[in-house]
Amino acid sequence: MLSPTPLSLLCALLLCLPLAITFTILVPATTTPIKNQTKSKNITTTLPPHAAADDGDDLLLRRAARVNPNPKSPRKLAFMFLTTTPLPFAPLWEVYFNRTPKNQYNVYLHADLRFPYDPPFTGVFENRVIPGSKPTLRYSPTLISAARRLLSHALLHDLSNYMFALLSPSCIPLHSFNFTYNTLIGSNKSFIEILKNEKGAQDRWAARGEHAMLPEVPFEDFRIGSQFFVLTRKHARIVVSDTRLWSKFKLPCLSKSTCYPEEHYFPTLLSRVDPHGCMPATLTHVDWRGSHGGHPRTYSASEVGPRLILALRRDKPRYGGDEIYGSDSSLIKRHDPFLFARKFSPDSIHPLMIIACDVIFKD
């Protein structure tokens, strides 16, 4: 029998300890309590020195758009979590970041303050809620605003941030941090799903009115894709500096059934501005078979095991953008690895922790 490794022992320890255990992390920045939060406990935000907590989005976005386009060394990954709930997989992410040099990553949280966060964010998530987090709603442009807010704070907070990954609370990692870092840090392209002529695209484009998107966004420029992306620093700056397309995508929809602006704005913008700088695929695995109410399949605790993780790893991302790459055989032959996956039920944390060290983080 193989002797347990230190990492395996750590996994077992984390699994046995109460999930509400308080981790600590030293953050070299001023922390300020989030105001107007009556239900949550002990939530604080790490305040970048150049962004006041009461800044409006316009000022924040303008500041972020002016940052140096060239990242400092060593390059870092920015993990940006957009949530309205406590993070059910925080213990798994703790193991993910364990023993990882702090000069390789940053963590940012956008937390909708209408919801309680009990237990509070701890460990690598402590003091990582960005100032100015605001309510988010489905079928509205608020999810776009939240992602732009996250990108802005990540750009301003650390000039070493090079790749920016947007994640949900139901996301889990599919590989070790080292594997993810090595996959992304050497890339000069963003990974964002960009699809043209999808079923229902015409109705989605006209969700604000038959001609509401014109002239800024003609239908032939309209794209659809997953809201979960990994952007380069160049593209993060493009997103926060945009006002032209945002003036259309921020308009309210007339019908909820076709209103998913967070799936339209980012792929449309980047496919217009820099299509060749994008790999038109998401690295966050999702299964739309058996979806309901606009939500993808949710994996239950009983489904979680080595077989599922390995199957998700083997899947090939869907590459869009045929109109960009044409018959490019290199795109056809590509098989970029899925680095994350969603959605998992909160009670999946227990079987996930059991297989964390020997399966998920074993590359």
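Asn127 is buried, with a relative accessible area of 15%; buried means under 20% relative accessible area, exposed over 50%, and partly exposed in between, with a 1.4 Å probe and protein chains only. Asn127 is not a glycine, yet its phi is positive, at about 65°. The residue sits in the loop between E4 and H4; helices (H or I, at least four residues) and strands (E, at least two) are DSSP runs, numbered from the N terminus. The model is predicted: local features need pLDDT of at least 70, side-chain atom pairs count only at pLDDT 80 or more, and totals for chains, interfaces and linings use all residues. Residues are numbered from 1 along each chain as its sequence is written, and side-chain values use heavy atoms, with hydrogens and water left out.

**Whole chain**

- The protein chain has 13 helices and 11 strands.
- Of its 363 residues, 55% count as buried.
- The accessible surface of the protein chain is about 16,400 Å², and 55% of that belongs to carbon and sulfur atoms; areas come from the Shrake-Rupley method with a 1.4 Å probe, and for residues only the protein chains shown count as cover.
- Among contacts between residues at least 6 apart in sequence, 82% join residues at least 24 apart; contact means heavy atoms within 4.5 Å.

- Asn197 is found in the loop between strand E7 (190-191) and H6, and at 60% relative accessibility it counts as exposed.
- Leu214 and Pro215 are joined by a cis peptide bond with omega about 0°; Pro215 is in the loop between helix H6 (201-205) and E8.
- A cis peptide bond also runs from Arg342 to Lys343, with omega near -5°; Lys343 lies in the loop between E11 and helix H13 (349-360).

- All seven residues of strand E4 (residues 105-111) are buried.
- In a regular strand the side chains alternate between the two faces of the sheet.
- Tyr105, Val107, Leu109 and Ala111 lie on one side of E4, Asn106, Tyr108 and His110 on the other, and both faces are covered.
- E3 and E4 pair in the parallel sense over seven bridges; two strands pair if DSSP finds at least two bridges between them.
- Within this pairing, Met80 stands opposite Tyr108 in E4.
- Asn161 belongs to strand E5 (residues 161-167) and is buried, with a relative accessible area of 0%.
- Leaving aside neighbours within four places in sequence, Asn161 is in contact with Pro71, Lys76, Leu77, Ala78, Asn106, Tyr108, Ala154 and Arg233.
- Asn161 and Thr232 are 71 residues apart along the chain, and their C-alpha atoms are separated by 9.1 Å.

**Sheet E6-E11-E10**

- Three strands form an open sheet in the order E6-E11-E10, with mixed pairing.
- Strand E6 (172-173) and E10 stand at the edges with a single partner strand each, so one side of each is left without a neighbour in the sheet.
- E10 pairs with strand E11 (residues 340-341) in the parallel sense over two bridges.
- His285 has Ala341 as its bridge partner in E11.

**Helix H9**

- Seven of the nine residues of helix H9 (residues 265-273) are buried.
- These are Tyr265, Phe266, Pro267, Thr268, Leu269, Leu270 and Ser271.
- Their cover includes helix H4 (142-157), strand E8 (230-232), helix H7 (233-241), helix H8 (246-249) and strand E9 (278-279).

**Largest pocket**

- The largest pocket holds about 1,300 Å³ of space.
- On a 1 Å grid over the protein atoms alone, a pocket is an open set of points where a 1.4 Å probe fits, with protein on both sides within 12 Å along at least five of seven lines; lining residues have an atom within 4 Å of a point.
- Grid points are joined across faces, edges and corners, and the volume is the space filled by probe spheres set on the points.
- The lining of the largest pocket has 46 residues, of which Gln227, Phe228, Trp288, Pro296 and Arg342 lie nearest the centre.
- Strand E3 (76-83) and strand E10 (284-285) are the elements that give two or more residues to this lining.
- The lining residues divide into 18 nonpolar, 16 polar and 12 charged; Ala, Val, Leu, Ile, Met, Phe, Trp, Tyr, Cys and Pro count as nonpolar, Asp, Glu, Lys and Arg as charged, and the others, Gly among them, as polar.
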